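Thanks for coming. I will talk through one structure, and I will start with a term that we need before the first residue comes up.

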Amino acid sequence: MARYIKEPSRTFSEYLLLPGFTSADCQPSGVSFLTPVVKFSRGEQSALTMNIPLTSAIMQAVSDDRMAIALAREGGISFIFASQPVEDEAAMVARVKNYKAGFVKSDSNVRPDQTLADILALLEKTGHSTVAVTDDGTAAGKLVGIVTSRDYRMSRTPLDTPIREFMTPFENMVYGELGCSLSEANDIIWEHKLNSLPVVDENGRLEYFVFRKDYDSHKENPLELLDAHKRYVVGAGINTRDYEERIPALVDAGADVLCIDSSEGFTEWQKRTLEYTRRRYGDTVKIGAGNVVDKEGFLFLAEAGADFVKVGIGGGSICITREQKGIGRGQATAIIDVAKARGEYFARTGVYVPICSDGGIVYDYHVTLALAMGADFVMLGRYFSRFDESPTNKLNINGNYVKEYWGEGSNRARNWQRYDMGGADSLSFEEGVDSYVPYAGSLKDNVALTLSKVRHTMCNCGALTIPELQEKAKITLVSATSLVEGGAHDVILKDTNINVVK
């Protein structure tokens, strides 16, 4: 006979937080969002933490290298989508790791016998106004000069002018020697009032550039998430089909954390993927798994070796798994159940396995609820798809700007690899839709607003950290009529632009 769960499957919108005592010291500016990403033992710290509890979904329409850079600047992690060739995903990871290393590999290089026209073509392609001139035109060639926008005037310099005639030659350049520290390189930049500093080896071959703007950017983004080598932290999705090829490529590219992208994680295939990772890499490679919605699913993945567990089935705005298959659970109920199981597992084993709430978040306050209910961080798709930094097209439809957004289970994505049924290489039916979302502008501005709301709510609950919120939060169910009461009612609104997110 089937097992029946009597408790209804509930969503975040069915709950509210009750205010707690707010002391004079409990102010939004004092809130810390530091949160663990991967498992750790009692008395230890997680090997990977985030400065904000936000990650972007493993989706074609959400997470590429540009999104990863933008989110890492704010303190979160983007998981680059897995539904692409292995080499393409690895290249995206590598671009993120090379983008902000302090010491940056040059991607704008020319030979001295090329012309101004080549400089302008390169500028249009890369957007970089600083161009290295090397003997062979490669990033590792012998540095013979440098060209910036100050070295030529469009109105006076013919396009066929050889670069050697207007470049700053090597003998007149200030440069750093391989082995200098980032601090030393920045000191040289400030002392000589430079915008960039080339770093060369003992043979004069170009190794890196250090840019003044990167120093300024760090000061403007105090929460940016960097690894031990001052590079942006980036995650990457994998599947349970080609993991023996994909995981090594992503590890070699520098991915900091991996996550299995699947519609359902309580499967033999996820266990095999985790076992392969542990067998080949031990604990050096960090890998999350999921998605699950109950205690049994969490314990299965935790005991199989997952570094974190992703919770949620069918709650995403473009997901129709529940509609198509009748599988899933209300996101709030799923988080509450899995968080309880995680606590019991921690008490029994001494190992804390972070959980990620994936899906079901519609309003900013749902993020706070997910954290209060036990999630260590959330994963968002629709929320991030609306921003300039997402990889989709920005369109004007009926006078309104929108961005395209489609699910990994849609025919457009063709991501059959994420369905762990051991079947054919195709989708027999869709579990996601193809849609539009309202365009919302830059990631930075929107994330700042969302987190400001979360900070203020945490202070209303008397909490300055996520663990403190989970300990102190008082949560109540709400009735259908109280949902009406909670919004604007019995008035004529002047502005109907409701701040709906995700």
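When I say contact, I mean heavy atoms within 4.5 Å. One more thing before I go on: what you see is a predicted model.

Take isoleucine 77 with that term in mind. Not counting residues up to four places away in sequence, isoleucine 77 touches Val37, Leu48, Met50, Leu54, Thr55, Ser56, Leu71, Leu225, Val233, Val234, Gly235 and Val257.

Where does isoleucine 77 belong? It is part of the largest nonpolar core, which has 102 residues. Isoleucine 77 is listed there among the residues with the most contacts inside the core, together with Leu54, Leu258, Phe298 and Phe384. Helix α10, residues 331-349, gives this core its largest share, seven residues. There is also a second, separate core of 11 residues, and Leu116, Val147, Ile163 and Met167 are included in it. As general background, nonpolar side chains in soluble globular proteins tend to be buried together.

Is aspartate 358 buried or exposed? Its relative accessible area is 18%, and the cut-off for buried is under 20%, so aspartate 358 counts as buried. Aspartate 358 sits in strand β19, residues 355-358. Leaving aside neighbours within four places in sequence, its contacts are Asn291, Lys310, Val311, Gly312, Gln331 and Met379. With two of these, aspartate 358 makes polar contacts between side chains: asparagine 291 at 2.9 Å, and lysine 310 at 3.1 Å. For a sense of distance, isoleucine 238 is 120 residues from aspartate 358 along the chain, and their C-alpha atoms are 16 Å apart.

You will find it in the loop between α5 (212-220) and β14 (235-238). Its relative accessibility is 7%, so asparagine 221 is buried as well. Beyond neighbours within four places in sequence, asparagine 221 is in contact with Arg73, Glu74 and Lys444.

Last, a hairpin. How do strands β21 and β22 pair? They run antiparallel, with four bridges between residues 394-397 of β21 and residues 400-406 of β22. Asparagine 396 stands opposite tyrosine 401, which is in β22. Two residues lie between the strands of this hairpin, and asparagine 398 has a positive phi near 55°.

That is the end of my part.

Key: Residues are numbered from 1 along each chain as its sequence is written. This is a predicted model: local features need pLDDT of at least 70, side-chain atom pairs count only at pLDDT 80 or more; totals for chains, interfaces and linings use all residues. Side-chain values use heavy atoms; hydrogens and water are left out. Buried means under 20% relative accessible area, exposed over 50%, partly exposed in between (1.4 Å probe, protein chains only). A polar contact is a pair of N or O atoms within 3.5 Å; within protein, one must be able to donate a hydrogen and the other to accept it, and residues adjacent in sequence count only if both atoms are side-chain atoms. Two strands pair if DSSP finds at least two bridges between them. A nonpolar core is a set of buried Ala, Val, Leu, Ile, Met, Phe, Trp, Tyr and Cys residues joined through side-chain atoms within 4.5 Å.
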